[in-house]
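Hi,

Here is the structure I promised to pass on.

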Amino acid sequence: MAGAAGPRASASLCDFKFGAVDTQTIEDALLHLAQENERAVREARGQAGSFRETRIVEFIFLLSEQWCLEKSVSYQAVEILERFMVKQAESICNQAAPVVRGNEKAEPWSWRAQKEQLCNTFVLRLVSCVQLASKLSFHYKALGYLYTKEELLESELAILKSLNFQINLPTPLAYVEMLLEVLGYNGCLVSAKQLHGTCLTLLDLVYLLHEPIYESLLRATIENSTPMEQGGKFLSVKEDFMLLAVGIIAASAFIQNQEWWVQVVEYLHSITGIATESIAEFSYAILTHSVGASTPVRQQPDLHHLAVRPLRAAATCNM
């Protein structure tokens, strides 16, 4: 459902169509995404989000643009790399722990060597993640990297094995586009096609400014509690793609026409069950880092709305 990057972007966005799928299919797809999102939030690990930093995301975006890949490929490549690197980092830490506890001096070089190898092969792994996401091959030559065909294939296999061959991961874009589709079916007068292009731009921005945007959101949630108390709960918020999607759409509506904002927020609340205060707070954080001034009236949700919210998703859609 994604548009395209690079030279093909304009044509792809012009050809993008909403409302072409029957309501039962939309309901089933939205429910599946909601279930996937709840599972991801529930299983969020301590290192989650560590490899979505700006330089890494920018590298993947530029690489995808260089190869004229669809936008969805960029986001999926980021998510594949994130999950792979977290697994590798955890594996290295788990091997280091027994060495520290046993005070052994003969083994530390082993996990240090693995850490060094992980750093040395990072770009190769990144390229492999993009190739796995795009199903295209050998675009690395355009950037001048001297990886052989065998090295690339071995790298892809290492990533696939580490992730148990589960690389068809939902991305925030899938949630954004599904919710835009549902908005149209639910009678929202705002044009999904109009919002789509702005949503893509803001989603890029959130990926590139992931840390400062989520830090500002975290600061807003800990004003009435201690950072230690809320920090652990906030991890699940960072992995909540449904929450990210409603924030993106609400912010896009505000940018295009401020009169749409309240209506869109109410519709998103009725579809997902996410509190309007949470949607407002997230869109405020996004807008603050994009357009700055003239943002919606800031509302202060408590973290319960963000981390432990009902997600009725398709079950609440009156389609």
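Throughout, contact means heavy atoms within 4.5 Å. With that cut-off, take the contacts in the protein between residues at least 6 apart in sequence: 80% of them join residues at least 24 apart.

Some housekeeping: this is a predicted model, so to speak of local features I needed pLDDT of at least 70, while side-chain atom pairs count only at pLDDT 80 or more, and totals for chains, interfaces and linings use all residues. Residues are numbered from 1 along each chain as its sequence is written, and side-chain values use heavy atoms, with hydrogens and water left out.

On the overall picture, the secondary structure comes to 15 helices and zero strands. Helices (H or I, at least four residues) and strands (E, at least two) are DSSP runs, numbered from the N terminus. Of the 319 residues in the protein, 49% are buried; buried means under 20% relative accessible area, exposed over 50%, and partly exposed in between (1.4 Å probe, protein chains only).

Now the helix pairs. Axes are lines fitted to C-alpha atoms, for helices over the stretch in contact, and angles run from 0 to 180 degrees between N-to-C directions. For orientation, angles under 35 degrees count as roughly parallel, over 145 as roughly antiparallel, 65 to 115 as roughly perpendicular, and the rest as oblique.

Start with helix α12 (residues 241-256) and helix α13 (residues 261-272): their axes are 8 Å apart and they pack at an angle of about 160°, so α12 and α13 are roughly antiparallel to each other. On the α12 side the contact uses Met-242, Val-246, Ile-249, Ala-250, Ala-253 and Phe-254, which meet Trp-261, Val-264, Val-265, Leu-268 and Thr-272 in α13. By class that gives 10 nonpolar, one polar and no charged residues. Here Ala, Val, Leu, Ile, Met, Phe, Trp, Tyr, Cys and Pro count as nonpolar, Asp, Glu, Lys and Arg as charged, and the others, Gly among them, as polar.

Helix α8 (residues 172-185) also packs on α13, at about 105° with the axes 10 Å apart, so this pair is roughly perpendicular. Leu-179, Val-182 and Leu-183 in α8 meet Tyr-267, Leu-268, Ile-271 and Thr-272 in α13, a set with six nonpolar, one polar and no charged residues.

Further back in the chain, the axes of helix α3 (residues 54-66) and helix α6 (residues 122-134) come within 11 Å and cross at roughly 50°, so α3 and α6 are oblique to each other. Ile-56, Phe-59, Ile-60, Leu-63 and Ser-64 of α3 make the contact with Phe-122, Val-123, Leu-126, Val-127 and Val-130 of α6. Those residues divide into nine nonpolar, one polar and no charged.

Ile-279 is buried, because its relative accessible area is 0%. Leaving aside neighbours within four places in sequence, Ile-279 is in contact with Val-246, Ala-250, Val-265, Leu-268, His-269 and Ile-274.

Last, the cysteines: the structure holds zero disulfides (pairs of cysteine sulfur atoms within 2.5 Å). Cys-119 counts as exposed at 53% relative accessibility, whereas Cys-199 counts as buried at 2%.

Cheers
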